[in-house]
Amino acid sequence: MIKERQLPILNQLKEWKVIFIGIIFAFLWASASTATKIGLHYAQPFVISIFRFLIAGSIMLIISHLLMAKRLPQKKEWIQISIYGLLNITFYLGLYVIAMQKVSAGLGSLAVATNPVFIVLISAVWLSHKINFKSIISLVLCFTGVFLAAYPLLQSSFATPGGILILIVSMIAYSLGTIYYSKQEWNGLHILTINGWQTIIGGVFLLPALGLTYQSDKNTFDTDFWFSTAWLAIAVSIGAIQFWLYLLKINPIKASYWLFLCPIFGFLIAYFVVDEPLTLYTLFGVIFVITGLYISLSSKKNKKNKF
């Protein structure tokens, strides 16, 4: 009888736990763009990226192999991890950090939240999934929202057309990486092992770009640099992703809805931390993107597609 009475309380606590983790995930994920903007005041894009990936990847591999004693990847798995790292780290985050030199932090977080739409559309082309009218409408709404939010930023030099284009290409790279990862057979390889090695390998692929662009006088390794880089490595690359994986495990469809909070948190963090402007264009841009995401994810839920 006591256990039966405790069940509703336990269920309620579990729901509150999921809500708490969802809010923390959205905040951490949205904070990446502002942390990147801060880091760019003190170092070049690829310098930030290499240190971020080295710190995050090393921590994940130490936990995976030394503390949890998980196995190393084998044969074909190294190729899979390398391709995933190339798409998810080298191209996505490599291009993203370049784009953040040319767009606002808030706009960067708004673009990141549109990834589910790109995933649906790319799946239609790559995996021959049928694309429906809702998906097209969601794409139009999301792009309209991004450009609405970007309009005043373009006028006040907080964003450039080239920066927005690079940002969109980086989102496409991320979506390709997500689909590739979901379609591979990993044979029980632990997620920390996969993420740790793909982060390290993706960073290695960026070393030639670092070598070609490095200028010592443009890098100041002070406290602000290390704080922003450590935040990106630990809070975002490790913390946010682990929270995201937890939410996906509980309910993949509901997990996607936490992305709705990312643009809101992103613009608020950028406003309070780096004094980026908030306007009615920002508000309507966020509304358009959230509406587009809702339509996209509702369509995905109805069809029970998993990417």
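Tutor: A helix here is a DSSP run of H or I of at least four residues, a strand is a run of E of at least two, and both are numbered from the N terminus. The model is predicted: local features need pLDDT of at least 70, side-chain atom pairs count only at pLDDT 80 or more, and totals for chains, interfaces and linings use all residues. Numbering starts from 1 along each chain as its sequence is written, and side-chain values use heavy atoms, with hydrogens and water left out.

Student: Which helix holds N195?

Tutor: N195 falls within residues 191-205. That stretch is helix α8.

Student: Is N195 buried or exposed?

Tutor: Buried stands for under 20% relative accessible area, exposed for over 50%, and partly exposed for values in between, with a 1.4 Å probe and protein chains only. N195 has a relative accessible area of 5%, so N195 is buried.

Student: Which residues does N195 touch, not counting those up to four places away in sequence?

Tutor: Contact means heavy atoms within 4.5 Å. With that cut-off, the residues touched by N195 are M60, Y84, I241, Q242 and L245.

Student: What share of the contacts in the protein with a separation of 6 or more comes from residues 24 or more positions apart?

Tutor: The protein has 307 residues, of which 49% count as buried. Among the contacts with a separation of 6 or more, the share from residues 24 or more positions apart is 89%.

Student: Are α3 and α7 roughly parallel or roughly antiparallel?

Tutor: Axes are lines fitted to C-alpha atoms, for helices over the stretch in contact, and angles between N-to-C directions run from 0 to 180 degrees. The axes of α3 and α7 come within 8 Å and cross at roughly 160°. Angles under 35 degrees count as roughly parallel, over 145 as roughly antiparallel, 65 to 115 as roughly perpendicular and the rest as oblique. The pair α3 and α7 is therefore roughly antiparallel.

Student: By class, which residues make up the contact of α3 with α7?

Tutor: The contact includes I83, Y84, L87 and N88 of α3 and L167, S170, M171 and G177 of α7. Ala, Val, Leu, Ile, Met, Phe, Trp, Tyr, Cys and Pro count as nonpolar, Asp, Glu, Lys and Arg as charged, and the others, Gly among them, as polar. By class, the contact has no charged residues, five polar and 19 nonpolar.

Student: What is the handedness of the crossing of α4 and α7?

Tutor: The axes of α4 (residues 105-112) and α7 (residues 161-182) come within 10 Å and cross at roughly 30°, which means that α4 is roughly parallel to α7. A crossing is left-handed if the near helix is turned anticlockwise from the far one by less than a right angle, and right-handed if clockwise. For α4 and α7 the crossing is right-handed.

Student: Which residues of α7 make the contact with α4?

Tutor: The α4 side consists of L107, G108, A111 and V112. The α7 side consists of I164, L167 and M171.

Student: What is the C-alpha separation of I89 and G177?

Tutor: I89 lies in helix α3 (residues 76-99) and is buried, with a relative accessible area of 4%. I89 and G177 are 88 residues apart along the chain, with their C-alpha atoms separated by 8.9 Å.

Student: How far apart in space are G145 and V289, C-alpha to C-alpha?

Tutor: G145 sits in helix α6 (residues 133-155) and counts as buried at 0% relative accessibility. Beyond four places in sequence, G145 is in contact with residues including G285 and V289. G145 and V289 are 144 residues apart in sequence, and their distance in space is 5.1 Å.

Student: What is the phi of A69?

Tutor: A69 is found in the loop between α2 (45-67) and α3 and is exposed, with a relative accessible area of 62%. A69 is not a glycine, yet its phi is positive, at about 55°.
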